[in-house]
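This report is meant for someone meeting the structure for the first time. Please keep the sequence and the model in view while reading.

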Amino acid sequence: MSVLAHVFEAAGIATIVLSSVREMAVKVAPPRALHCEFPLGRPLGRPLDPEFQHDVLARAFALLNETSGPVLADHPEVIEADDQPVSCNLPPRFDPSLPPSVDEARGLRKAYDRALVKRGVTSVGRVMSADEVPNALGMLHAIANGQDWTTAGLPGGNTIAVCHDIRTYYEEAALELVDGPLPGGRAMEDWFFDRTEAGATVLAARAAIRDSGGKFPIWFYMTPGQR
Amino acid sequence: MNGDQMMRAHSATLPAPEFTNPAWVTPVELAKATVAIVTSAALHASDDEGFTAGDTGYRLIDSNRRDLVLGHWSPNFDHTGVKMDLNVVYPIDRLEELAQRGVIGAVAPRHVSFAGNQPDDVATIRLDTGPAAAAALRQDGVDIVILTPV
């Protein structure tokens, strides 16, 4: 973003960056930056909080009053990413003949469909539709249990895209099932990887691909790096 | 160290290009300015082309679109905030409100989306796609952009 600020400023457009990594804003020194120590992926800080979002924008636009730069200011509030998994009920086991994650994904379908109706758009679809998510989890289950990932039939043959679609399906469904406050920055990720059968299956398949000599990018980016 | 702290620590070590003699624009008065959003969230309209891994291109988003797909390839940040509220990444409704209140002059007719995970040298967005996107916004009469990182 800081690089793009220089590019747009050079084209004659005044810029303000909402910085998320302060060290990078210092190094690249865009003309005007407001550093926001908010959860990554939430540069305006708080979803569904127009007042807070307006406060961020007002502080950002105030930097336009400076007569020379680079200007780097800090938003006074720090919002930490929530490390506690979100509270979200999972469907009970329905068909014991299926791998647990396949059964679970099928059970979440109605919640996913409700989310789709409500939002009118889904980010599932890099390499497969929601219909294909349970089967893809079946393939990852097989990989975790020894099948060669290159012959497992993964949609698009792309481990990363498959995992994005699975996680997105779960997160969009879960937003319909969450009990209590809105999930914080890492709460849904923690729920997916620490609480769901799908998360466990993705982690197990990732470990199996790594241990069988799969190239680093093939398995590493199937999950967040710290996992 | 939680995931965000790890990612921030890692990002702080990435190479950064130097800009000698950086440009500085004296902005027009905010109340008369046309304002656009430039995001690196890889958002795109649902009927537009998705982002590929390592995509150095950009997508233009019409100001009236809210059916946006998150096409970012990094698994290392929260993906749910934007699904609860588009404005936490792409503050389009907030800009509309500011225009109605007369705080800004107008909301731009189009906005720009890049993917945040760029090659380390960022050569293409510096020399090719970045200037092209800026030119498109200039054609729309944009005076000020607010850049939101993901």
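The text below goes through each chain, then the contact between them, and then the cores.

This is a predicted model, in which local features need pLDDT of at least 70 and side-chain atom pairs count only at pLDDT 80 or more, while totals for chains, interfaces and linings use all residues. Residues are numbered from 1 along each chain as its sequence is written, and chains are lettered from A and ligands numbered from 1 in the order in which they are written.

**The two chains**

Helices (H or I, at least four residues) and strands (E, at least two) are taken as DSSP runs and numbered from the N terminus. Chain A has 10 helices and three strands, and along the sequence these follow the pattern α-β-α-β-α-β-α-α-α-α-α-α-α. Chain B has five helices and seven strands, arranged along its sequence as α-β-β-β-β-α-α-β-β-α-α-β. The radius of gyration of chain B (taken over C-alpha atoms) is 16 Å, close to the 15 Å that the globule rule gives for 150 residues, so chain B is as compact as a globular protein of that length. The rule itself is 2.2 Å times the number of residues to the power 0.38.

Chain A is divided into domain 1, covering residues 2-74, and domain 2, covering residues 100-220, with bounds that come from an automatic or database domain assignment. The centres of these two domains of chain A, taken over C-alpha atoms, are separated by 33 Å.

The table sets out some values for each chain. Here a residue is buried if 20 or more other C-beta atoms lie within 10 Å of its own, exposed if 12 or fewer, and partly exposed in between, with C-beta atoms placed from the backbone.

| Chain | Span of the C-alpha atoms along the principal axes | Buried residues |
|---|---|---|
| Chain A | roughly 70 × 40 × 30 Å | 51% of 227 residues |
| Chain B | about 45 × 40 × 30 Å | 47% of 150 residues |

Two residues are in contact if their C-beta atoms, placed from the backbone, lie within 7 Å. Among contacts in chain A between residues at least 6 apart in sequence, 66% join residues at least 24 apart, and in chain B residues 24 or more positions apart account for 78% of the contacts with a separation of 6 or more.

**Where the chains meet**

In the contact between the chains, 66 residues of chain A touch 62 residues of chain B. The side of chain A that touches chain B draws at least two residues from each of several elements of chain A, among them helix 1 (2-10), strand 1 (14-19) and helix 7 (159-174). Its largest share, eight residues, comes from helix 1 of chain A. By class, this side of chain A has 37 nonpolar, 17 polar and 12 charged residues, where Ala, Val, Leu, Ile, Met, Phe, Trp, Tyr, Cys and Pro count as nonpolar, Asp, Glu, Lys and Arg as charged, and the others, Gly among them, as polar.

Strand pairing also links the chains, two strands being paired if DSSP finds at least two bridges between them. Strand 1 of chain A pairs in the parallel sense with strand 7 (residues 144-148) of chain B over four bridges; A:Ala14 has B:Ile144 as its bridge partner, and A:Thr15 stands opposite B:Val145. Strand 7 of chain B is also joined by five bridges to strand 1 (residues 34-39) of chain B, again running parallel, and there B:Ala36 stands opposite B:Val145. Both faces of strand 7 of chain B are covered, with B:Ile144, B:Ile146 and B:Thr148 buried on one side and B:Val145 and B:Leu147 buried on the other.

**The cores**

A nonpolar core is a set of buried Ala, Val, Leu, Ile, Met, Phe, Trp, Tyr and Cys residues joined through C-beta atoms within 7 Å. The largest has 68 residues, and those with the most contacts inside it are A:Leu4, B:Val145 and B:Leu147. Helix 1 of chain A gives the most to this core, with six residues. Leaving aside its neighbours within four places in sequence, A:Leu4 is in contact with B:Val38, B:Phe114, B:Ile125, B:Gly130 and B:Leu147. A second, separate core of 42 residues includes A:Val102, A:Ile143, A:Ile160 and A:Val162.

In strand 6 (residues 110-114) of chain B lies B:Val112, which is buried, with 27 other C-beta atoms within 10 Å. Not counting residues up to four places away in sequence, B:Val112 touches B:Ala36, B:Val38, B:Tyr58, B:Leu60, B:Ala133 and B:Leu137.
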